[in-house]
Amino acid sequence: MASDSSRRPSKRKSTAPGDADSSSAKQVRKCERTGCPAKAPICFASSSERCVGNGYTSRWYHMSQSEHYCNECFDHHYRSHKDGYAVFALWKRKWSTYGTTDPNIKAFMMDTMLPYWAQCTQCQKWRQMSKDSNISPDFLKKYVCGMSTSGITKSSQTNACDSPEDYRVEYTKDYNWISQLIAPPYLKNSPAFPFLSSYFPDCVGMSATDMEVFSQSKAPG
């Protein structure tokens, strides 16, 4: 039997300073829809306290090549025992009153959770706004990077144009982007409303829950 001194010393792979340990590497999950290029999607909903953001989720729900929501936000609204279900149920009643299309969870996410985007009038980059932003034509005409929806640009945002554009914007330039849409986008506060008020709003490209629809029309009979 060989003595301890004759054994070949084991060699361990050295780790350079700053290298991340494999066990601590961030887990991600790509979108599983055929043709979607998103390797590490970002949840646009952020409606659940357990929302993963751009982390790992058991399933990504595809809306477009650049828009996804995580399984945690899906459960938050879809499961009847979750706090977010009441919001979904109220939306379904309103949509069913004014619209004719199926008030499913994907339509709910599209109608209430998708954020707005605005293009900077100086650098031409597109920036994501919050989903509850009050976007108006006047705001879009003067919008610059770092500007809030109130029209104020903080001093800390004076060089905001130097920030790179969100990589998801590139996906919208792909000719397959339209074909990858799961639900059709509906217009909010559409200027065409006065000319289309005799139609169901979701049949002519307008949101059935738009406040303009509620205030200016009666439920179609």
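## A buried cysteine to begin with

Cys-120 has a relative accessibility of 1%, so this residue counts as buried. The cysteine sulfur closest to that of Cys-120 belongs to Cys-123 and lies 3.6 Å away, too far for a bond. Please keep in mind while reading that this is a predicted model.

How many disulfides does the rule give? The count comes to zero. Cys-51, for instance, is in no disulfide, and the nearest cysteine sulfur, in Cys-43, is 3.6 Å away from its own. A pair of cysteine sulfur atoms would have to lie within 2.5 Å to be a disulfide.

## The chain as a whole

Let us step back to the overall layout. The protein chain has seven helices and four strands, and from the N terminus on these elements follow the order β-β-α-α-α-β-β-α-α-α-α.

Of the 221 residues in the protein chain, 33% are buried. If we take the contacts between residues at least 6 apart in sequence, 49% join residues at least 24 apart. Several examples of contacts between separate parts of the sequence come up below.

Helix H2 covers residues 85-98.

Which residues of H2 are buried? They are Phe-88, Ala-89, Trp-91, Trp-95 and Tyr-98. Three of these names, Phe-88, Trp-91 and Trp-95, return in the contact with H3.

## Two helices packed against H3

Two packed helices are described by the angle between their axes and the distance between the axes. H2 and H3 pack with their axes 11 Å apart and at an angle of about 90 degrees. The two helices are therefore roughly perpendicular to each other, since angles of 65 to 115 degrees count that way. On the H2 side the contact is made by Val-87, Phe-88, Trp-91 and Trp-95, and on the H3 side by Ile-105, Ala-107, Phe-108, Asp-111 and Thr-112. These residues divide into seven nonpolar, one polar and one charged.

The axes of helix H1 (residues 71-78) and helix H3 (residues 105-112) come within 11 Å and cross at roughly 105 degrees. H1 and H3 are therefore also roughly perpendicular to each other. Here H1 brings Cys-73, Phe-74, His-77 and Tyr-78 to the contact, while H3 brings Ile-105, Phe-108 and Met-109. The residues of this contact divide into six nonpolar, one polar and no charged.

Cys-31 lies in the segment before S1 and counts as buried at 4% relative accessibility. Although Cys-31 and Arg-59 are 28 residues apart along the chain, their C-alpha atoms are separated by 7.9 Å. Leaving aside residues up to four places away in sequence, Cys-31 touches Cys-36, Ala-38, Pro-41, His-62 and His-68.

Gln-65 sits in the loop between S1 and strand S2 (67-70).

Gln-124 is placed in the loop between strand S3 (117-119) and strand S4 (126-128). Although not a glycine, Gln-124 has a positive phi of about 70 degrees. The residue is partly exposed, with a relative accessible area of 44%. Ser-46, found in the segment before strand S1 (60-64), is not a glycine either and has a positive phi of about 50 degrees.

Glu-165 belongs to the loop between helix H4 (137-142) and helix H5 (168-171) and counts as partly exposed at 24% relative accessibility. Which residues does Glu-165 touch, not counting residues up to four places away in sequence? They are Gln-124, Lys-125, Trp-126, Arg-127 and Glu-170. Glu-165 and Arg-127 are 38 residues apart in sequence and 7.1 Å apart in space, C-alpha to C-alpha.

Conventions: Residues are numbered from 1 along each chain as its sequence is written. This is a predicted model: local features need pLDDT of at least 70, side-chain atom pairs count only at pLDDT 80 or more; totals for chains, interfaces and linings use all residues. Side-chain values use heavy atoms; hydrogens and water are left out. The expected span of a helix is 1.5 Å times one less than its number of residues. Buried means under 20% relative accessible area, exposed over 50%, partly exposed in between (1.4 Å probe, protein chains only). Axes are lines fitted to C-alpha atoms, for helices over the stretch in contact, and angles run from 0 to 180 degrees between N-to-C directions. Angles under 35 degrees count as roughly parallel, over 145 as roughly antiparallel, 65 to 115 as roughly perpendicular and the rest as oblique. Contact means heavy atoms within 4.5 Å. Ala, Val, Leu, Ile, Met, Phe, Trp, Tyr, Cys and Pro count as nonpolar, Asp, Glu, Lys and Arg as charged, and the others, Gly among them, as polar.
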